[in-house]
Structures are given as structure tokens and as C-alpha cells.
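The following paragraphs go through the structure shown below, one region at a time. Please keep the model open while reading.

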Amino acid sequence: MPRYMVERDFPNGLEIPTTQDGRAAMLGVVNNNATEQVTWVQSFVSGDKTKTFCVYDGPTPESIRRAAGLSELPIDQITEISVLDPYFYVGA
Amino acid sequence: MLLERDDLLAALKEALDKAVEGSGRMALIAGEAGSGKTTLVKAFIESLDDAALIITGACDPLTTPRPLSPLLDFAANDGSGLEGLFALEHDNVTIFHEVLDRLRHSIRPVVMVIEDAHWADQATLDFIRFVGRRVADSKALVLVTYRDDEVGPDHPLRSVLGQLIPLTSTQRLHVPLLTVDAVTTLAGDSGTSPSDLFRLTDGNPFYVTEILAAGESLPSSVQDAVVGRVARLEDGPRKVVDAVSIAPRSLDIEYASLLASGRMDDVDIAVGSGVLESDGRELRFRHELARSAVETSMPPGRRHGLHRTMIGLLKEEDPTDHARLAHHAIKAEQPDLIAEHALVAAEEAKQRGAVREEVAFSMAALEVADLIDEREVADMRMRAAESLYVLDLIEPALDQVKLALEWYQREGLVEQQAEAHRRMSTLHLGTGQVEKSLAESQQSVDLLESVSDASSNSLATATATLAHHYMLRRDATHGLPIAEKAMEYATTANSETTTLSVKHTMACLELIAGRLDDGFTHLREVVDQARESDRRLHTSAITNLGSGAGEMRRYDLAKEALEEAVAWGESHDMDGGVRYARSWQARVAFEQGRWEDSVRFAEPVINTELNPASYSVLTAKGVLGRVRVRRGDPGGKEFLEATLEDSEGHHLQHRWSPASGLAEYHWLRGDNDSMVEGLQSMFDAALVADSPWARGELGYWMWKAGAIAKPPADAAAPFAHQILGNWQQAADAWSEIGCPYEVALALYEGGEVTSMLEALKIFDSLGAKPMSDRTRAELRNSGMESVPRGPSLSTRQNLAGLTNRQMEVLSLIGRGFTNSEIGKELFISKKTVEHHVSAILTKLGAGSREEAAATLEKMGA
């Protein structure tokens with residue numbers, strides 16, 4: 001399955017509380033993703049929390065978009081990515 | 001894919017929630033073999049995501065089960081805390097208590113699973129009863145799965161269930177079979193007919209999966225399961241079972257007895273064993289899968305004998321039931337009887353429009369072709385080819401026509417040869433051999449015109465086909481005179497069907513020639529007139545009306561006709577037609593800026609079609625590629641390049657949209673050389689075709705690439721306006737037609753701040769990221785300081801942020817509204833407004849309305 005970097009903008013700032021609400025929000029996203037066979041691998045968040053860089057596995061960019069739509073998540077840009085490991089070149 | 005199990009998963013989740021609160025539960029999960037009990041449990045466990053400790057065990061399907069098999073599994077579960085369960089030689093009760101203690105003293109909630117309790121040994125049954133009675137005061141959820149159809153009144157599990165079910169801590173869940181909808185979803189793109197799959201499996205998920213996994217024939221594992229059960233019967237009842245197995249649905253009890261031993265006792269025993277069911281009149285298997293498993297396990301001699309006897313019985317009852325007779329003839333492997341009945345059955349199926357069945361019967365008859373009259377065989381091949389074409393099986397169809405043509409040539413039958421050439425011309429189109437196709441069509445006309453006694457009807461049909469090919473080439477100049485000639489032949493022939501078919505071609509050519517109103521009116525007339533008399537023509541006409549209107553960007557007309565085409569095709573097994581109409585729905589939605597709809601239409605076409613060069617796939621893939629390019633998503637270029645490669649040799653009409661899309665991709669990256677390289681030959685082809693929209697769009701991108709300076713002659717008006725720099729006129733024209741992206745492109749080309757701002761709004765609303773970015777950058781470069789941000793600001797909800805409603809309330813707060821004013825403005829009560837306000841303050845961490853309004857301002861909304 002291809003891997004994608006999904007960039008999202010949160011102009012209001014993204015705040016996920018470590019409470020039941022936060023848990024429910026995460027679970028909701030994960031469940032919505034599952035209906036599109038999309039897996040949220042992990043995300044990186046900018047310092048001011050207005051932008052996220054999310055690594056996703058999914059069958060197509062369209063499935064990523066549909067999954068985002070279900071969770072009402074914005075999408076700025078989807079890029080197909082692969083791994084570059086510096087230590088592969090440098091030697092560990 | 002887990003379908004139709006949401007309620008059960010929710011029930012399990014609720015049970016676990018109760019357990020977590022300290023009132024432990026036991027859930028008894030029942031369902032027939034293969035209904036998906038294990039799958040359900042697995043999905044539930046996966047959904048927990050490590051929120052609980054999972055301990056699993058299963059009972060063995062052995063003649064003599066291992067005692068406490070599930071508990072042995074528990075001990076082997078890493079991290080279960082029960083690793084030492086069997087280390088000391090404790091008695092059962094001590095072991096049970098150890099397990100119970102583990103459940104009671106675990107800090108984390110525990111989910112304990114015992115699978116397949118219908119196979120449980122006595123000790124395990126004791127354990128289930130033991131834990132079931134004590135689970136209430138633990139934080140555990142114990143899941144017990146079993147096959148309820150195998151737990152009869154005498155089954156040892158029954159009494160355990162009887163003792164547990166009344167307890168309030170016990171709950172029962174039943175895993176039902178799947179509905180037709182779910183089976184259809186599962187069948188997906190496998191090529192297996194969902195209705196056949198459902199009939200064969202009753203929606204049993206395991207059987208469905210097995211069959212899909214195994215392909216067309218019955219998988220041996222399911223077969224083995226059924227056959228093993230029958231093998232345990234005595235000879236007499238077994239013969240009854242065998243007899244019933246040769247009847248596709250059910251068998252009259254009298255017949256069953258005649259086919260078997262003749263003793264009614266044996267029937268009773270067979271029913272009593274549970275292998276067969278009886279309604280007092282007929283016998284049937286509990287499951288179709290069981291029936292066919294038994295049938296195929298019989299020695300061939302015995303099976304053939306039963307089918308032969310069955311044919312005798314049926315013939316006495318109804319000698320005209322050819323479909324059933326053919327079925328038994330095929331099963332009995334009796335060539336003479338197959339020839340006799342399959343041939344008639346195929347014709348009957350064709351008459352009812354059952355295309356699949358017709359092909360199946362025809363192929364069966366052709367297997368024994370040497371027993372059938374040669375002329376009949378050749379004609380049948382021609383008929384079969386027609387149906388194979390409808391089912392999108394082009395190569396097999398070509399094979400049949402070629403064989404028929406050989407025979408017609410040997411016999412010197414000119415009209416039939418001409419018809420075979422005509423048929424081949426159509427089939428060659430399917431594989432993108434347009435020149436071959438035109439040549440075959442021409443040959444068919446030439447053959448008929450070379451003899452003096454060709455019928456006007458044949459001449460009309462052949463000439464109309466030739467005109468049709470010119471229509472496909474978008475060549476009205478040659479096509480219209482040929483169509484007029486065809487109409488003369490048809491009038492002489494005085495054949496309504498032929499006249500209608502010629503009218504169809506003529507109407508399409510009128511569209512090509514730019515006489516749109518005539519063309520659309522006449523096409524609609526053909527659609528209506530052919531509905532009853534000629535299904536094939538009706539399908540073609542309605543689809544052409546849809547795609548023709550789409551190509552001319554008459555979207556309302558196109559949408560209506562395409563919806564009609566889909567509905568019609570779906571109810572008449574015309575799969576190819578449905579897919580083509582869907583691909584055009586995708587194209588129309590794309591051009592109208594409804595990109596999500598477009599994807600929704602295009603994806604299933606791409607996923608269910610086997611032939612990548614079919615027009616449906618070419619159209620759908622081209623559309624999906626263009627959506628990706630305009631959204632800035634990955635994979636667009638790849639899709640468009642693949643589409644152009646796969647459509648090599650096909651007509652311009654299937655190629656100019658993806659070629660334009662690829663040019664647009666290169667343009668967005670500033671690569672003009674690649675643009676021209678891809679466009680030039682297609683643009684040249686458009687210049688000699690009667691296709692204003694192809695000329696317009698290809699010409700537009702040629703102009704963008706700097707390869708031409710003026711619009712080509714007869715280019716569609718909005719594109720011509722753009723090329724001439726009349727951007728406002730172009731935008732107005734596009735707006736009238738209903739193409740928002742094109743409107744925005746024209747406004748963007750206007751280059752004025754106001755028009756570019758307007759363009760930006762449209763690009764943003766479409767999600768056209770590359771053009772949004774470009775427009776924003778150019779506005780900034782032109783000195784504009786506060787270029788508006790994207791739509792995500794106000795219309796999207798973020799995870800911990802505000803809902804759309806809360807944003808509305810907040811913006812009114814920002815404008816100084818009081819709560820009651822906000823309530824009036826939004827038509828909600830003051831109380832509701834208060835709720836919203838307090839939620840907003842909490843979420844923004846603001847101490848007052850003023851602070852919240854300030855935050856809003858900071859966000860730039």
C-alpha cells in the first residue's frame with residue numbers, strides 16, 4: 001500500500017486534550033480511516049500547532065481524502081512518499 | 001472487510017464498558033458455521049487497541065477433544081499471567097479458581113475468549129459454567145462462541161447454556177448471515193455474480209469468502225465438511241440425499257423416493273439426520289453449498305444415472321422446460337440431449353434478455369456442435385457473439401464470428417458473410433483497431449453491393465454501420481451522405497427496426513455536424529421508440545444521448561440520459577453499458593467541478609472492469625487522472641499517461657480529454673516542451689475532425705504552451721474567447737455552461753486583482769490546490785498584502801477546535817451581538833446560545849466573550 005504525507009492546516013491551532021474527549025476524537029479518526037482502509041501511521045505537529053504533517057498508508061489519494069472528510073479534517077496537500085534512511089548511506 | 005457487524009461490535013463494547021465499571025459479563029456468541037463469530041471477536045479485540053488484557057483459547061474439533069483445551073491455550077498466551085496454570089498438578093476446581101482469581105485481581109480489564117464451545121470437552125463445559133456463574137464481580141468480559149445449529153437438545157453444551165442464560169451477567173448475541181447488499185460488496189470486482197454468490201451461500205460469510213477465494217468452482221474445504229456429514233448415513237438414506245443433491249433447489253419427495261430406494265423410511269431418516277429439510281412435499285438441503293458438495297462427491301456413473309432418470313421424469317412432467325432439461329442433460333453428459341435442449345434454452349434466454357444465461361447455454365451447445373446442423377451452429381455463433389459483446393467479452397466474440405464467417409464463405413452465403421464482417425467491424429472497435437474496423441465495415445457494404453440480389457434490409461444495416469463508423473471518427477462530411485443512403489435502403493426494405501437503427505446513426509451524425517437540436521431530438525425519439533422493440537438499440541441510443549450531450553457540455557441533458565442508461569442497464573444485465581454510462585457520469589461531474597462525485601462514479605468502473613482498453617476504463621481513468629492533477633494529488637500524471645497508452649489506436653474522442661489533462665499537468669509545472677510533445681499529434685487529428693470541443697480544449701493548451709497564437713477554426717466558443725484574450729466573455733460562457741474551474745481559469749487569465757480574487761475564491765472552494773497556490777502567489781507578487789487564506793479557516797472543524805455552528809456564534813460575538821441577538825440571527829434559543837458560548841470559552845481557554853472575540857481576530861477570520 002502506498003504511503004502518503006498529508007499536510008493539514010489548523011489556523012486555530014490543534015489542541016488534543018489527553019482526556020476522554022481526546023481519546024474519543026482519536027478513536028473516531030481511526031475508525032473513520034478503517035472504513036477507507038486507511039491507516040494513520042503518525043503525525044508531526046508544527047511548534048505553533050497550526051500545521052500537521054501526517055504519515056498515512058492508504059490505497060489511493062482519494063481514499064485519504066474520503067477518510068479526512070469523514071473526520072472533518074482539512075487537507076492542504078497529499079504527497080506520495082518513500083523512506084530515505086541516511087544511515088543506509090552513512091553506515092550505522 | 002467486516003460488514004453488518006456494527007451493532008454486535010457496539011454491544012460487545014457496551015458489555016466491556018459495564019465490565020470495566022466492575023460488573024463483569026459473559027457474552028454467548030452464537031451463529032452457524034462460517035457466520036463469522038471468530039471474525040467478530042477478532043475485530044472487537046482489534047478495536048480495543050490494547051485497552052484490555054486479552055486471553056484466548058479454543059476447543060478442538062476432535063472425535064475425542066483434549067480436556068481443557070481452551071485453558072491450555074490460556075497458559076500459552078504470553079502475558080496472560082496464567083503461564084503456570086498447569087505447572088502444578090492441580091485438580092480442575094483449583095485450576096478454575098486460579099483463572100477466576102486472575103480475572104478478579106487484574107488491574108487492567110480482561111477479555112477472555114473461549115472459541116467453538118460446541119466442541120467443548122466435559123471439563124471445559126464445567127469451566128464455562130463455573131466462570132459464567134462468577135464473572136459478575138470481576139472486571140472481565142468472557143466471550144464464548146458456538147455454532148447454535150450444531151447444539152441440539154441433546155448436546156452437552158445445551159444444559160450449560162440453560163444454566164447461564166437466566167443470569168443477568170450473561171448476554172446472548174447472534175451473528176446473522178449477511179444480506180444481499182453485503183454479499184454484493186464482498187463480491188466486489190471478483191467477477192462472481194453477487195446474486196449467484198448469494199443464492200449459493202445464503203450470505204454465509206465463510207462460504208462467500210471461500211468461494212471468492214477459490215474462483216468459480218466449489219472449494220474442497222467446504223465440500224469436505226458437508227460430504228463428511230453425509231458419509232455417516234446408512235446406504236438407504238444416503239441414496240435419498242444423493243437424489244436430492246441433483247435437483248438444483250429442491251426435489252419432490254415422491255421423485256426423491258423414486259430416484260433412491262423407493263422406501264419412505266429412508267426419506268424420514270435422511271431428514272431426521274439434519275442433512276435434508278422437508279416441508280412435507282419437497283426435500284431440500286439446508287444449504288445450496290451442501291447440495292452441490294454432495295452432488296460433486298458422487299461417483300460420476302451414479303451421478304449421471306440419477307440425472308438421466310431425472311430427465312425421464314421431467315420430460316413426462318413438462319417436455320418444454322428446456323432450461324431444466326438442458327441442465328440435467330449437461331450434468332448427465334448426454335451430448336444428444338444437450339444439443340436438443342441447450343440450443344432452445346439459449347434462444348429462450350436471449351428472448352427474455354437473460355444475456356449471461358444465453359451465453360452459458362450457447363457455449364454448452366457449441367461443445368457438442370458436431371451433433372447440430374452446421375448452418376444452425378454458424379448462426380448460433382453469430383448470436384452468441386452478440387451477447388458476448390454485450391458482456392464485454394470481445395475476444396471470445398471475435399472467435400465465434402470468425403468461425404461463423406469461415407462457414408458462410410465455404411457455403412457462398414454473401415449476406416451472412418457481409419453480416420459477419422459488419423459484426424467484426426464493431427468488435428474491432430472494442431480493441432481499438434479503428435482502421436481494421438472501418439475496413440471490415442466497408443467490406444461488408446462492398447460485398448452486398450457486388451451482388452444484384454442483396455436484400456435492402458442487409459444493405460441498409462451494413463450501410464448504416466459504415467455511417468456509424470464515420471460518426472465515431474467525428475467525420476460528418478463522409479458520414480451524413482452514407483447515412484442518407486442507408487435511410488433510402490431502409491425505406492425500401494420497409495423495416496421498422498432498420499429504419500430506427502439508421503435514424504440513430506443519423507441523429508448522432510447530426511450532433512457531430514453541429515445540428516444539436518435536431519440531433520438531440522431525434523436521439524430521444526429513438527430512445528423512446530426502441531425501448532420495447534429493440535433493447536440493444538435502446539441502450540446504445542440512451543448512452544449516446546448521455547455521452548453526446550456530455551461531450552457537447554450540455555450537462556442537464558447528459559445527466560438525465562446517463563441516469564436513465566444506468567438504471568436500464570442494471571435491470572437488464574447490460575454491464576458494459578452501465579460502466580460506460582458511469583464513466584461519463586464521472587466525466588460530467590468532473591467538468592462541473594463536482595470532483596467527489598466524479599471519483600465516486602469513476603472508481604467502481606476502474607475496479608470492476610477487466611479490459612483496461614475498454615472505453616469505460618479509458619474515460620474513468622482519464623477523469624480520475626484529471627481530478628488528481630487539479631487537486632494537486634499524486635498519481636494524476638501516471639493515470640493520464642496510462643490512459644493515453646491504453647487508448648493508443650482508439651478514436652480521438654477517447655483521447656483528447658486525458659491528453660488535455662496531461663498538458664495541464666505539465667503547464668502547472670511550467671514544462672511547455674512536454675505539453676507540446678503530448679498535444680501535437682492529437683491537435684492535428686482534431687483539426688480534421690468535426691469536434692469543436694476537442695479543437696477548443698486541445699487548441700487552448702497548445703496556446704498555453706505557446707505553440708499557437710490564434711484559436712483553430714471552429715473551436716468551441718469559450719476556449720476561442722480565452723485564446724483571443726476575451727477572458728470576461730470566456731468566464732461568462734463557462735459560467736453559463738456550468739464549468740467552475742474553467743470560469744476560474746478565465747478569471748485568473750484576466751490578470752486583474754478583482755478577477756483574480758474571484759478566481760481564487762472558486763479555486764479554493766473546488767480544492768484546486770495548485771491553482772489556488774499559483775493565484776495567491778501572483779496576487780502577492782503584484783503587491784497585494786493580505787491575500788485571503790483558504791476555506792479551511794471558516795468551514796472546517798478541527799479536532800479540538802470549534803464546530804461550524806460554534807464558529808458562527810463566535811463571529812457574531814465578535815460583531816458585538818448579545819446572546820439573544822445571536823439566537824434570533826441563527827434561529828436558536830437563547831439557552832442553546834449560552835451552551836455554545838460556554839463551549840467556545842472552554843475550547844479557546846478564554847475568560848470572557850471579549851477575550852474569545854480577540855482570539856477570533858487573531859485567527860484572521
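Two strands are taken as paired if DSSP finds at least two bridges between them. In this predicted model, β2(A) and β3(A) meet that condition with six bridges, and they run antiparallel. One of the residue pairs across them is A:Phe44 with its bridge partner A:Phe53 in β3(A). The two strands form a hairpin with five residues between them, and in this hairpin A:Lys49 takes a positive phi near 60 degrees.

On to the rest of that sheet. Strand β3 of chain A, residues 51-57, also pairs with strand β1, residues 3-9 of chain A; here seven bridges are found, again in the antiparallel sense. Within this pairing, A:Cys54 in β3(A) is the residue opposite A:Val6. The complete sheet of chain A is open and contains four strands in the order β2-β3-β1-β4, with antiparallel pairing. Its edges are formed by β2 (39-45) and β4 (77-81) of chain A, each of which pairs on one side only. On average, neighbouring strands of this sheet are turned by 25 degrees against each other, direction ignored.

Strands of a sheet pair through backbone hydrogen bonds, and the pairing can be parallel or antiparallel. Chain B supplies a parallel case: an open sheet of five strands in the order β2-β3-β4-β1-β5. At its edges stand β2 (53-58) and β5 (170-174) of chain B; each has a single partner strand, so one side of each has no neighbour in the sheet. Strand β1 of chain B, residues 25-30, is joined to β5(B) by five bridges, and the two run parallel. B:Leu173 in β5(B) stands opposite B:Ile29. Helix α1 of chain B, residues 6-20, packs on the sheet and touches β1, β3 (110-115), β4 (140-146) and β5 of chain B, with a direction at about 160 degrees to that of β1(B). Helix α2 of chain B, residues 37-48, lies across β1, β2, β3 and β4 of chain B and runs at about 160 degrees to β4(B).

Chain B as a whole has 45 helices and eight strands. Of its 861 residues, 48% count as buried. Among the contacts in chain B with a separation of 6 or more, 57% are between residues 24 or more positions apart.

Two packed helices are described by the angle between their axes and the distance between the axes. For helices α21 (residues 414-430) and α23 (residues 456-472) of chain B, the angle is about 20 degrees and the axes are 10 Å apart. Angles under 35 degrees count as roughly parallel, and α21(B) and α23(B) are therefore roughly parallel to each other. Their crossing is left-handed. From α21(B), B:Glu415, B:Ala418, B:Arg422 and B:Ser425 meet B:Ser458, B:Thr461, B:Ala462, B:Thr465 and B:His469 in α23(B). The residues of this contact divide into two nonpolar, five polar and two charged.

Is B:Val377 buried or exposed? A residue is buried if 20 or more other C-beta atoms lie within 10 Å of its own; B:Val377 has 20 and is therefore buried. Not counting residues up to four places away in sequence, B:Val377 touches B:Ala369 and B:Ile372. The C-alpha atom of B:Val377 is separated by 7.2 Å from that of B:Leu366, 11 residues apart along the chain.

Technical notes: Residues numbered from 1 in each chain as written. Chains lettered and ligands numbered in written order. Predicted model: local features only at pLDDT ≥ 70, side-chain atom pairs only at ≥ 80, totals over all residues. Axes fitted to C-alpha atoms, helices over the stretch in contact; angles between N-to-C directions. Buried ≥ 20, exposed ≤ 12 C-beta atoms within 10 Å, placed from the backbone. Contact = placed C-beta atoms within 7 Å. Parallel < 35°, antiparallel > 145°, perpendicular 65-115°, else oblique. Left-handed = near helix turned anticlockwise from the far one by under 90°. Nonpolar A, V, L, I, M, F, W, Y, C, P; charged D, E, K, R; others polar.
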